[in-house]
Amino acid sequence: MYTGAQTKHNIFKGAYMSALTRQIGPYTTTAIGLGCMGLSIEKKPSREEAIAIIHDALNAGCRHLDTAWAYYMSGGEEQHNEKLIREALASWDGPREEVLVATKSGHFRNFTDGVPTWDVNGAPESLITYGKQSAHALGVDSIDLLYFHRPDPKVPYNESIEGMKSLYDQGVAKTIGISNASVEQIDIARSILGDVLVAVQNQLSPIYKDSLDTVEYTRKLGLAFVVWSPLGGFRKPKDESKYDVFKQVAAEHGVSYQQIVLAWELAMGDHMFVLPGAHRSATILDSMKADSVELSADELDLLNRG
């Protein structure tokens with residue numbers, strides 16, 4: 001099914017689906033999480049629909065929610081997504097203590113000439129302010145996993161990481177991650193954070209393989225690799241031909257090609273996690289079935305060459 005020794009654990013209370021679980025630092029959580037950005041930015045569903053999507057994912061066994069300070073519409077309510085997750089968890093009747101909530105600090109939104117854009121602020125004092133605001137928005141004393149969202153070219157990387165370390169030292173975050181990071185930046189972060197660094201969240205998909213070096217490097221280091229936009233994302237046009245081989249394998253399995261993409265990524269190692277997004281419950285519920293897809297060595301070889 002996957003590379004390496006992996007098992008399924010039915011560890012959750014109540015009538016939840018079993019799910020593939022893996023380790024992120026001290027946390028055991030589902031390898032397939034819910035990337036929540038699409039529930040709060042442009043073209044988002046209604047608040048009621050968004051909360052229903054989160055509830056449906058949780059009820060189906062998902063125990064890994066990913067958000068960020070910057071997940072809000074340009075010109076709209078800041079931290080919309082963090083507040084949404086807090087509301088969704090407060091109104092859910094399942095075991096909240098089983099859910100890992102990860103967020104990110106260092107990004108914000110712009111609205112220039114009518115076009116929504118993104119910008120970064122990696123100054124340590126800014127990261128500390130954002131991190132504390134994230135804890136408040138989520139309604140927690142200490143964030144489970146807090147990522148430095150994206151490097152700021154205006155600020156030396158080590159200075160930004162020192163800011164993240166301060167958040168850990170102050171108890172604002174229980175563990176720290178980095179996102180959109182290179183091998184060199186992983187080394188810088190490790191030199192400052194040590195074992196406090198537990199995860200790297202980078203982009204990866206059939207149309208974006210530039211991060212494969214960090215997939216391998218995190219495996220060697222024993223760090224979790226968390227994939228954002230694992231299906232290629234929905235905000236930009238993509239080369240659909242890159243998915244042809246995945247659709248071919250999907251037809252043979254009788255499943256969606258999205259499940260094959262996610263299964264392929266999870267097969268890259270026991271340290272792999274994926275964060276598919278969703279605008280509808282049916283989408284995330286389909287994605288969550290990817291951990292039961294069995295890919296043969298020949299199929300993996302075909303997909304790797306695709």
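**Questions on a predicted model**

Me: Is Ala19 buried, partly exposed or exposed?
Reply: This is a predicted model, and in it Ala19 has a relative accessibility of 6%. The cut-off for a buried residue is under 20% relative accessible area. Because 6% falls under that cut-off, Ala19 counts as buried.

Me: In which strand is the place of Ala19?
Reply: The strand in question covers residues 19-24. Ala19 has its place there, in strand S2.

Me: How far apart in space are Ala19 and Ile284, C-alpha to C-alpha?
Reply: In sequence, Ala19 and Ile284 are 265 residues apart. In space, the C-alpha atoms of Ala19 and Ile284 are separated by 14 Å.

Me: Which residue in S3 is the bridge partner of Gln23?
Reply: S2 and strand S3 (residues 27-30) run antiparallel and are joined by four bridges. In S3, the residue that partners Gln23 is Thr28.

Me: Which residue in the turn of the S2 and S3 hairpin has a positive phi?
Reply: The hairpin of S2 and S3 has two residues between its strands. A positive phi of about 55° in this turn belongs to Gly25.

Me: Which residue takes a positive phi in the hairpin of S7 and S8?
Reply: Two residues lie between the strands of this hairpin. The phi in question is near 55°, and the residue that takes it is Asp113.

Me: Which are the edge strands of the open sheet of eight strands?
Reply: The order of the sheet is S4-S5-S6-S9-S10-S11-S12-S13, with parallel pairing. An edge strand here pairs on one side only. The edge strands are S4 (34-35) and S13 (272-275).

Me: Which residue in S6 stands opposite Leu65?
Reply: Strand S5 (residues 64-66) and strand S6 (residues 100-105) are paired in the parallel sense over three bridges. Leu65 has as its opposite residue in S6 Val101.

Me: Is Thr67 buried or exposed?
Reply: Thr67 lies in the loop between S5 and H2. Leaving aside neighbours within four places in sequence, the contacts of Thr67 include Asn81, Ile85, Val101 and Leu138. The relative accessible area of Thr67 is 0%, which means that Thr67 is buried.

Me: Is Lys43 buried or exposed?
Reply: Lys43 is in the loop between S4 and helix H1 (47-59). Although Lys43 is not a glycine, its phi is positive, at about 70°. An exposed residue has over 50% relative accessible area. Lys43 has 78%, so it is exposed.

Me: Is Gln79 buried or exposed?
Reply: Gln79 is found in the loop between S5 and helix H2 (80-90). Gln79 has a positive phi of about 60° and is not a glycine. With a relative accessible area of 9%, Gln79 is buried.

Me: Which residues does Leu302 touch, not counting those up to four places away in sequence?
Reply: Leu302 is found in helix H10 (residues 297-305), and with a relative accessible area of 26% it is partly exposed. Leu302 and Val245 are 57 residues apart in sequence, yet their C-alpha atoms are 7.6 Å apart in space. The residues that Leu302 touches are Val245, Gln248 and Val249.

Me: Why is the chain as compact as a globular protein of that length?
Reply: The secondary structure comes to 10 helices and 13 strands. For 306 residues the globule rule gives 19 Å. The chain is as compact as a globular protein of that length because its radius of gyration is close to that value, at 18 Å.

Me: What share of the residues in the chain is buried?
Reply: The chain has 306 residues, and its C-alpha trace spans about 50 × 45 × 40 Å along the principal axes. Its accessible surface comes to about 12,800 Å², of which 49% belongs to carbon and sulfur atoms. Buried residues make up 55%.

Me: How far apart are the centres of the positive and negative side chains?
Reply: The chain has 29 positive and 39 negative side chains. The distance between the centres of the two sets is 2 Å.

How values were computed:
Residues are numbered from 1 along each chain as its sequence is written. This is a predicted model: local features need pLDDT of at least 70, side-chain atom pairs count only at pLDDT 80 or more; totals for chains, interfaces and linings use all residues. Side-chain values use heavy atoms; hydrogens and water are left out. Buried means under 20% relative accessible area, exposed over 50%, partly exposed in between (1.4 Å probe, protein chains only). The radius of gyration is taken over C-alpha atoms; the globule rule is 2.2 Å times the number of residues to the power 0.38. Accessible areas come from the Shrake-Rupley method with a 1.4 Å probe; for residues, only the protein chains shown count as cover. Lys and Arg count as positive and Asp and Glu as negative; His and the chain ends are not counted. The place of a charge is taken as NZ of Lys, CZ of Arg, CG of Asp or CD of Glu. Two strands pair if DSSP finds at least two bridges between them. Contact means heavy atoms within 4.5 Å.
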